[in-house]
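Reader: Please pick one part of this protein and look at it closely with me. Then lead me on from there to the other parts worth a look.

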Amino acid sequence: PVLFRLTTRICHSKSLVECYPQEKVEIKDYLRNIPKYCPVPGNAKNLRTKVDLRTEKLRNYSENTPLNFEIDNKTEIGIIVSGISYMYAREAFENSASFLKLGFTNPLPEKKIKEFASKHTKIIIIEENDPFLETQIKAMGIGCTGKDVLPITGEMTPDVLRALLLDVKKDKLVSDKSKVVPRPPALCAGCPHRGFFYELSKRKEFMIFSDIGCYSLGILEPYSATDVFICMGASVSGGHGVQKIIDLKGEENKRALAVLGDSTFFHSGMTSLLNVTYNKSKTITVILDNRITGMTGHQENPGSGYTLEGERTVDVNIETIVRALGIRHVKTIDPNDLKMVKETLDWAKSLDETSVIITRWPCVLKKFSKEDRAEFDAFKNKMTVDQTLCIGCKKCLKTGCPALRYDSVNKKTVINRDQCVGCEVCFQVCPVQAIHKEVL
């Protein structure tokens, strides 16, 4: 296995790259090799020996690779560093320290490290997060400064290094934070998850387990409609475990509700849902099918009907899979229909068995396929506010739509036409029918 550990700054940076002609690599023939590819106990002990021999070869490589290099500035301070922290350290210390930059760190070049340490009176280890280098270097018998001074979390930026290691604080731009408007992430205008979370936010009898996706934003105001999200795949299984505890406590009016997306369902939700129905759990599972993998860049998934290369393929139907898992109570609904969402949540809660709700509506940012255009009559209208009818109650703002804005001067709601896609959620919420479709 090869592991790439990407720190925050690397993930959030960009630069020019050089492109080269693609190198054609011949496909190797498969050679049957049971002792290598089938690690039953009799083979595994021999494979472990090979791992150790390979590690020794890597140790020798680590000592000689140009990825591990030294910059000798003839100083008392020697800094051992890897990754982006190397650039931070160079900027902070400039020529007042020497550097051992480690680009290959497993196994570490022990001889090179000891030789470097012998030339300096003070060794500093600079690395972000866990003391991976520091722990091993101390085990080599080398005294060093590291996490006893530097923080265990956060970035080792030049300012942090200067302040903690050099006792130098550079002046920063000072701003009045009271004048900065908070801008938390939000579901897009027209997001199909919005109507569902608006209705779910009213229900206090559910303990809500979310998976990882755009819908994780259900934790934020104005919804506050999430209690737990841990990792991909944990929504259905977490809800299942808690439902069992709810049953043991006899809390009949309490239910566990799991929320996950269509791509997450295909990725890691199906196995958990099978476990739920097999163990006769009463959890309610909501699969938010926005017809694409929304959060990470609109990759296709088995439910979209297209491969990653854009080729037409089998269109896997979520409801069919759910029923095949043995779940009898399944409903597919339009999440923009608030009355339907409310009634379906009531229906699921009334059952004493496993139930699944599937909301089916495309992501507002999706490029529609011809199948989408045939199925969904979406994003063709604009909504507007009749200022003579609006009473400024702000109820529509509780839908959390960024296209809605409250005019504090006129004490009325207005809709940003450029953002509105006509999902009609705000129209259904308005108590005085001040919101309606724009006449085109």
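**A close look at one threonine, and onward**

Author: Thr 354 counts as buried, because its relative accessibility is 7%. Buried means under 20% relative accessible area, exposed means over 50%, and partly exposed lies in between (1.4 Å probe, protein chains only). The model is predicted, so local features need pLDDT of at least 70 and side-chain atom pairs count only at pLDDT 80 or more, while totals for chains, interfaces and linings use all residues. Residues are numbered from 1 along each chain as its sequence is written, and side-chain values use heavy atoms, leaving out hydrogens and water.

Where is Thr 354? It sits in the loop between helix H12 (338-350) and strand S9 (355-360). Helices (H or I, at least four residues) and strands (E, at least two) are DSSP runs, numbered from the N terminus. A polar atom of the Thr 354 side chain lies 2.5 Å from the backbone oxygen of Ser 281. A polar contact is a pair of N or O atoms within 3.5 Å; within protein, one must be able to donate a hydrogen and the other to accept it, and residues adjacent in sequence count only if both atoms are side-chain atoms. Contact in general means heavy atoms within 4.5 Å. Leaving aside neighbours within four places in sequence, Thr 354 touches Val 276, Thr 277, Ser 281, Lys 282, Thr 283, Ile 327 and His 329.

Next, the nonpolar cores. Such a core is a set of buried Ala, Val, Leu, Ile, Met, Phe, Trp, Tyr and Cys residues joined through side-chain atoms within 4.5 Å. The largest has 38 residues. Phe 196, Phe 197, Leu 200, Leu 257, Phe 265 and Val 322 touch the most other members. Take Leu 200: beyond four places in sequence, its contacts are Phe 206, Ile 208, Ala 225, Leu 257 and Leu 345. Another core, of 16 residues, lies apart from it; Ile 84, Ile 124, Ile 126 and Leu 165 are among them.

Now the sheet. It is open, with 4 strands in the order S1-S3-S2-S4 and mixed pairing. Two strands pair if DSSP finds at least two bridges between them. S1 and S4 are the edge strands, each pairing on one side only. From one strand to the next, the twist averages 15°. S2 and S3 run parallel, over 5 bridges. Helix H4 packs on the sheet and touches S1, S2, S3 and S4; its direction makes about 150° with that of S2. Axes are lines fitted to C-alpha atoms, for helices over the stretch in contact, and angles run from 0 to 180 degrees between N-to-C directions.

Which residues of H4 (85-93) are buried? They are Ser 85, Tyr 86, Tyr 88, Ala 89, Ala 92 and Phe 93. They cover an arc of only 160° around the axis, so they lie on the same side of H4. That arc is taken from the directions from the helix axis to the C-beta atoms.

Follow the chain out of H4. Glu 94 lies in the loop between H4 and S3. It has a positive phi of about 50°, although it is not a glycine. Glu 94 counts as exposed, because its relative accessibility is 55%.

Last, two cis peptide bonds. One runs from Asn 106 to Pro 107, with omega near 0°. The other joins Glu 221 and Pro 222, with omega about 10°. Most peptide bonds are trans.
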